[in-house]
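Please look through the sequence and the model shown here before reading on.

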Amino acid sequence: MRIAFASGKGGTGKTTLATNMFAVLAREIDHVIYVDADVEEPNGHIFLNPDKTDVIDVKVPVPVINHEKCTLCGDCVNYCQFNALAILGEKLLTFPALCHSCGACVELCPEKAISEKQRAIGKITKGSSCQAGYYSGCLNVGEALSPPLLRTLKSIISQRGTAIIDAPPGTSCPVVEAIQGSDFVVLVTEPTPFGMHDLQLAYNLTQDLNIPSGVVINRSDLGDELAREMIEKEGMTVMLEIPFRRRIAECYSDGKLNIESDPEFSNELVKLYDQICQVVGNG
Ligand code: SF4
Ligand code: SF4
């Protein structure tokens, strides 16, 4: 079972929920893994302190031009919908950071003037934490396209057992790639107008992808009733409400897991997992 933790906006407590859920499940069941798919800013390691065993470079193919063969016909430039190729003066230029590695320019060049080389875009770290599996993707600084890294990350995690996927915040392409294929999405939010607006977008995304979802309201006592009214009106299911507890904030700022000092939080997460299992059909 793959359970993704997502949020329409950053700062809702998504990683706190995901890392603590992973740590709780690692005590309770076999074959649990944590997958940090927030590849532009992975920070699950701060709380899980993993033993790292392996680092894999993730590479994608990008075009290389043989300028002696190129006649500057412009076919490849006209075809590339990502503006990764351009003719400037007497030279065909490539912009590898914009290339989506579709390979079309290689195929269509009438002069066979385009080949490919591999370009590193990020890394995947494998290891263990809480005596269970830990995987984390990290996009290289300055890279714009995280979906290829996310696809590789998802392809190397086992189908067996339970994967806790810590998705990026927001609702853009990286989030779609991270949650696609999940059995359930936990939408972590806070009861503020901004929180509700972004929750709505994230919920719509799960609906579009046809993935069941449930809402966790973090710092639930700090907002107003309008938030809850909107959640109910939109037909979302609130699975857990976590009132503000100073201890949770202290653990976060200390880079510690809350469950180590907050048995109440552990119990809440176990109940949340049980609810998810019932929805997915593993209960
Ligand atoms: S399609 Fe081939 S020949 Fe034409 S501009 Fe591109 S690389 Fe040059
Ligand atoms: S591989 Fe695809 S995206 Fe990359 S430059 Fe060629 S046509 Fe454009």
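Just after helix H10, Gly281 takes a positive phi of about 100°; helices (H or I, at least four residues) and strands (E, at least two) are DSSP runs, numbered from the N terminus. The model is a predicted one, in which local features need pLDDT of at least 70 and side-chain atom pairs count only at pLDDT 80 or more, while totals for chains, interfaces and linings use all residues. Residues are numbered from 1 along each chain as its sequence is written, and chains are lettered from A and ligands numbered from 1 in the order in which they are written.

Helix H10 itself runs over residues 263-280, and its 18 residues reach 26 Å from the first C-alpha to the last, close to the 26 Å expected at 1.5 Å a residue, where the expected span is 1.5 Å times one less than the number of residues. The buried residues of H10 are Phe265, Ser266, Glu268, Leu269, Leu272, Tyr273 and Ile276. They cover an arc of only 160° around the axis, which puts them on the same side of H10; the arc is that of the directions from the helix axis to the C-beta atoms. On the other side of H10, the exposed residues are Pro263, Glu264, Asn267, Lys271, Asp274 and Gln278. Here a residue is called buried if 20 or more other C-beta atoms lie within 10 Å of its own, exposed if 12 or fewer do, and partly exposed in between, with C-beta atoms placed from the backbone.

What do the buried residues of H10 pack against? Their partners are strand E1 (2-7), H1, strand E9 (184-189) and strand E11 (238-242). Of these, H1 covers residues 14-28, and its 15 residues should span 21 Å at 1.5 Å a residue, which agrees with the 21 Å between its end C-alpha atoms. H1 is mostly covered, since 13 of its 15 residues are buried.

Leaving aside neighbours within four places in sequence, Ile164 is in contact with Ile3, Phe5, Ala18, Met21, Phe22, Val32, Tyr34 and Val35, two residues being in contact if their C-beta atoms, placed from the backbone, lie within 7 Å.

Ligand 2 has 13 residues around it, of which Cys80, Ala84, Cys99, Cys102 and Cys105 come nearest, a residue being near if its C-beta atom, placed from the backbone, lies within 6 Å. By class, this shell around ligand 2 holds ten nonpolar, three polar and no charged residues; Ala, Val, Leu, Ile, Met, Phe, Trp, Tyr, Cys and Pro count as nonpolar, Asp, Glu, Lys and Arg as charged, and the others, Gly among them, as polar. Ligand 1 is likewise surrounded by 13 residues, the closest being Cys70, Cys73, Asp75, Cys76 and Cys109, and its shell divides into nine nonpolar, two polar and two charged residues.

Two loop residues may be considered next. Leu72, in the loop between strand E3 (51-65) and H3, has a phi near 60°, a positive value in a residue other than glycine, and it is partly exposed, with 14 other C-beta atoms within 10 Å. Phe82 lies in the loop between helix H3 (75-79) and strand E4 (85-88), and it is exposed, with 12 other C-beta atoms within 10 Å. Beyond its neighbours within four places in sequence, Phe82 is in contact with Leu98, Cys99 and His100.

Finally, the chain may be viewed as a whole. The protein chain comes to ten helices and eleven strands, and its C-alpha trace spans about 70 × 45 × 35 Å along its principal axes. Of its 283 residues, 42% are buried.
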